[in-house]
Amino acid sequence: MKDFFIGVAGHKKYDMPKDNSYVPIQVGASGKMTIPNFTRDDIGDNISNLNSNYSELTGIYYIWKNVNSRYKGLVHYRRYLKSKENHFTNGENKIFDKILTTSDLESLFKSADVILPQKRKYYIETNHSHYVHAHPSEALKCTKNIISEMYPKYRSSYDEVMNARSAHMFNMFIMKSEFFDEYCEWLFSILFELQNRLDISDYSQQEARVFGYVSELLLDVWLKNNKISFVEVPVLYVEGQQLFKKGIGFIKRKVIGHGEAHIKSHVD
């Protein structure tokens with residue numbers, strides 16, 4: 001059995017870490033040519049064909065259903081979890097000298113069950129208001145109803161997370177295998193029911209990724225309700241952050257809301 005299996009979600013050829021704990025996962029591989037040296041997410045029990053709605057979650061689902069290792073997780077080909085050290089192990093691509101190594105992981109798991117990116121803080125907005133300023137609100141209303149019906153013990157944790165002003169985003173995490181599997185069982189049962197109830201036929205291509213967006217807020221609900229111990233590390237952006245562009249987008253959403261951005265336009 002492999003000790004660490006950290007999928008690196010990607011959809012195109014791209015530089016990848018040399019550390020054997022990292023495994024490139026071709027998300028949304030169904031119907032596409034194989035990217036060399038990537039593991040396809042349409043092998044075995046999978047939801048690869050739902051990638052346009054579930055984004056990187058198709059990689060998480062693949063790992064849940066098909067990978068046997070002591071620790072499992074997912075990062076992104078442009079975003080990683082950062083080490084405190086520079087390891088100088090990966091030759092010319094120095095960005096990978098800064099990511100968590102197997103040695104880092106072994107050390108961190110001595111004190112926690114889950115490794116997460118540092119929380120994204122909103123300060124003047126709650127998680128709920130931030131979501132509805134950026135996306136159609138129907139998904140959160142429906143999710144709240146589903147949790148109330150299927151997992152009523154999680155309702156107070158759900159409300160706390162929605163009223164908080166920070167969250168662990170990006171669907172990036174590394175967990176002890178038993179927690180990874182338990183989380184996925186809970187998460188996908190909610191998302192599949194949401195898929196059954198939510199009409200996204202008029203959503204734009206971007207907003208059709210709704211199940212990926214919703215899942216980002218559900219991670220903290222699960223952690224809080226189950227009192228799971230975790231440790232946070234910084235996020236490493238391979239291509240940097242477009243802070244100015246994000247800032248302009250934030251201001252627009254605050255002033256005019258997301259409007260009809262989720263509806264298909266005539267030029268989509």
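**Entry 1: aromatic rings**

I began with the rings. Ring pairs link Y151, Y154, F173, F180, Y183, W186 and W222 into a cluster. I noted that the model is predicted. I then searched the whole structure and found 21 aromatic pairs.

Where do Y14 and Y77 lie? Y14 is in the loop between strand 1 (2-10) and strand 2 (22-26). Y77 is in the loop between strand 4 and strand 5 (79-81). The pair therefore ties together parts that are 63 residues apart in sequence.

Y14 has 22% relative accessibility, so I put Y14 down as partly exposed. Y77 has 4%, so I put Y77 down as buried.

**Entry 2: a charge over a ring**

Next I checked W64. K65 lies over the face of W64. The distance from the ring centre is 4.0 Å.

**Entry 3: salt bridges**

How many salt bridges does the structure hold? I found 9. I looked at some of them in turn.

I started with D181 and K72. Their side chains meet in a salt bridge, 2.7 Å from N to O. This pair links distant parts of the chain, 109 residues apart. D181 sits in helix 7 (residues 177-197), and K72 sits in strand 4 (residues 69-76). Is K72 buried or exposed? I found K72 buried, because its relative accessible area is 1%. D181 is partly exposed, at 26% relative accessibility.

Then I turned to E149 and R197. They form a salt bridge, and the closest N and O atoms are 2.6 Å apart. E149 lies in helix 5 (residues 138-150) and R197 in helix 7, so the bridge ties together parts that are 48 residues apart in sequence. E149 is exposed, with a relative accessible area of 51%. The cut-off for exposed is over 50%. R197 counts as partly exposed, at 37% relative accessibility. Salt bridges join E149, E193 and R197 into one network.

Last, I looked up D42 and R40. They form a salt bridge, with the closest N and O atoms 2.9 Å apart. D42 has a relative accessible area of 24%, so I wrote partly exposed. R40 has 15% relative accessibility, so I wrote buried. The cut-off for buried is under 20%.

Key:
Residues numbered from 1 in each chain as written. Predicted model: local features only at pLDDT ≥ 70, side-chain atom pairs only at ≥ 80, totals over all residues. Heavy atoms only, no water. Salt bridge = Lys/Arg side-chain N within 4 Å of Asp/Glu carboxyl O. Buried < 20%, exposed > 50% of the residue type's maximum accessible area, 1.4 Å probe, protein only. Helix = DSSP H or I, 4+ residues; strand = E, 2+ residues; numbered from the N terminus. Phe/Tyr/Trp six-rings, centres within 6.5 Å; stacked < 30°, edge-to-face > 60°. Lys NZ or Arg CZ within 6 Å of the ring centre and 35° of its normal.
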